[in-house]
Amino acid sequence: MKASFQNVRGDILRIDNFVRQMSENLTSLSQGQARILDNISELAAFQVELATRIERLEKGSARPVRRTARKTVKRTIKRSSRKQAKFVVSKSTNKLHVSTCPFAKRVKPKNKAMFSSKKKALNEGYKPCDCMKKY
Ligand SMILES: [Zn+2]
């Protein structure tokens, strides 16, 4: 009876040790799990950061292309509007200018006449200025 009690006590102690060991293992496991969870959340944060970086890179590479494309469109519009620009003649110098020409801007209002086409102005005897070479 005594021996069996000793055995039981020993078993209990052993179980106690085992439980303690288990709980220690569990603690280190949960610590490991916590570390793994930390790593996972770090990875997730990094993934988000990477995704943001990739998005920025994609936007950064796409934006300049779009901008230049828009600028080209604007330039083409300006060019085509320049073609439609009115022509200015100076009655004092008998010269024909594009309305954007600095000389055209200096023509006094009383000497100024507008033409919608180069031909019409030339037919009236106006001599083209150097600015008219493009037109
Ligand atoms: Zn001119």
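These legends go with several close-up views of one predicted model.

**View 1. The whole chain, element by element.** Residues are numbered from 1 along each chain as its sequence is written. Since this is a predicted model, local features need pLDDT of at least 70 and side-chain atom pairs count only at pLDDT 80 or more, while totals for chains, interfaces and linings use all residues. You'll find three helices and four strands here, where helices (H or I, at least four residues) and strands (E, at least two) are DSSP runs numbered from the N terminus. Read from that end, the elements go α-β-β-α-β-α-β. Of the 135 residues, 9% are buried; buried means 20 or more other C-beta atoms within 10 Å of a residue's own, exposed means 12 or fewer, and partly exposed is in between, with C-beta atoms placed from the backbone. Among contacts (C-beta atoms, placed from the backbone, within 7 Å) with a separation of 6 or more, 55% link residues 24 or more positions apart.

**View 2. The four-stranded sheet.** The sheet is open, its strand order is S3-S1-S2-S4, and the pairing is mixed. Strands count as paired if DSSP finds at least two bridges between them. S3 (112–115) and S4 (127–128) are the edge strands, each pairing on one side only. S1 and S3 run antiparallel and are joined by four bridges; in one of these pairs, Val89 has Ala113 as its bridge partner in S3.

View 3. Val88 has His97 as its bridge partner in S2, and Ser90 has Lys95. What is the phi of Asn94, which sits in the loop between S1 and S2? It's positive, about 60°, although Asn94 is not a glycine. Most residues other than glycine have a negative phi. Asn94 is exposed, with 12 other C-beta atoms within 10 Å.

**View 4. S2, covered on both faces.** Which S2 residues are buried on each side? Lys95 and His97 are buried on one side, and Leu96 and Val98 on the other. S2 also runs parallel to S4, with two bridges joining them. Here Lys95 has Lys127 as its bridge partner in S4, and Leu96 stands opposite Pro128 in S4.

**View 5. The largest nonpolar core.** A nonpolar core is a set of buried Ala, Val, Leu, Ile, Met, Phe, Trp, Tyr and Cys residues joined through C-beta atoms within 7 Å. The largest one has 10 residues: Phe87, Val88, Val89, Leu96, Val98, Ala104, Val107, Ala121, Tyr126 and Cys129.

**View 6. Zooming in on Val89.** Leaving out residues up to four places away in sequence, Val89 touches Lys95, Leu96, Ala113, Phe115, Ala121 and Tyr126. Of these neighbours, Ala113 is also the bridge partner of Val89 in S3, and the core members include Leu96, Ala121 and Tyr126.

How values were computed:
Contact = placed C-beta atoms within 7 Å.
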